[in-house]
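I opened my notebook today to look up a few things in one protein model.

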Amino acid sequence: MDALLARLDARGLDHATHWALAVTGAELCAPGHPSVFGEATVAGCCAVVSTARLGAGTATLHRRLLTEAVHELGHVAGLEHCAATTCVMYPSLDIADTDRKGSHFCKRCREALSHALPHASLDPARACD
């Protein structure tokens, strides 16, 4: 996976203005983890998410893919994992974690994100508080 992220990073994107998100159907692994839903360069420019373990069914797959993509892009924005089980930045150890947390940031992560991305419009009505 590090090679894939390095290849995305090598595209020469300006980290301040451009990010890349790759979506693959291949299984992903990371050091110390035999299988992961995604990976990102923290405070970098790129992330990858796999649909391999997100399940079947269009609506379920789309909902889970959105959750994992937002989570990985949160890392790209500089956010770490969150202890709030309903926050998108909570780590997904299994598909139940992904389903429980959904794709919204908790108040603490939303505030951290607003500092990391001061020009972004973050809708507080969509929080998972």
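In which sense do strand 4 and strand 5 pair, and over how many bridges? I found that strand 4 (residues 38-40) pairs with strand 5 in the antiparallel sense, over three bridges.

**Ground rules.** I noted that this is a predicted model, where local features need pLDDT of at least 70, side-chain atom pairs count only at pLDDT 80 or more, and totals for chains, interfaces and linings use all residues. Residues are numbered from 1 along each chain as its sequence is written, and side-chain values use heavy atoms, with hydrogens and water left out.

**Overview.** I looked up the elements and found four helices and five strands. Helices (H or I, at least four residues) and strands (E, at least two) are DSSP runs, numbered from the N terminus. Along the sequence they follow the pattern α-β-β-β-β-β-α-α-α. I also noted that 36% of the 129 residues count as buried. Buried means under 20% relative accessible area, exposed over 50%, and partly exposed in between (1.4 Å probe, protein chains only).

**Strand 5.** I stayed with this strand, residues 46-50, and found five of its five residues buried. C46, V48 and S50 point one way, while A47 and V49 point the other way.

Next I looked up its partners; two strands pair if DSSP finds at least two bridges between them. Strand 1 (residues 20-24) pairs with strand 5 in the parallel sense over five bridges, and A20 stands opposite C46.

**Helix 2.** How far apart are the end C-alpha atoms of helix 2? They are 26 Å apart, which agrees with the 27 Å that its 19 residues should span at 1.5 Å a residue (the expected span is 1.5 Å times one less than the number of residues). I listed its buried residues, among them L65, A69, H71 and V76. Their cover includes strand 1, strand 4, strand 5 and helix 3 (95-101). Just after helix 2, G78 takes a positive phi of about 110°.

I then picked out R64, which lies in helix 2 (residues 58-76). Is R64 buried or exposed? R64 counts as buried because its relative accessibility is 13%. Contact means heavy atoms within 4.5 Å, and, leaving aside residues up to four places away in sequence, R64 touches L54, G55, I95, T98 and D99. With D99 there is also a side-chain to side-chain polar contact at 2.8 Å. A polar contact is a pair of N or O atoms within 3.5 Å; within protein, one must be able to donate a hydrogen and the other to accept it, and residues adjacent in sequence count only if both atoms are side-chain atoms.

**Cysteines.** How many disulfides does a search of the whole structure find? The search finds zero, where a disulfide is a pair of cysteine sulfur atoms within 2.5 Å. For C87, the nearest cysteine sulfur is that of C106, 3.6 Å away. For C109, the nearest is that of C87, 3.7 Å away. C87 is buried, with a relative accessible area of 0%, and C109 is buried too, at 1%.
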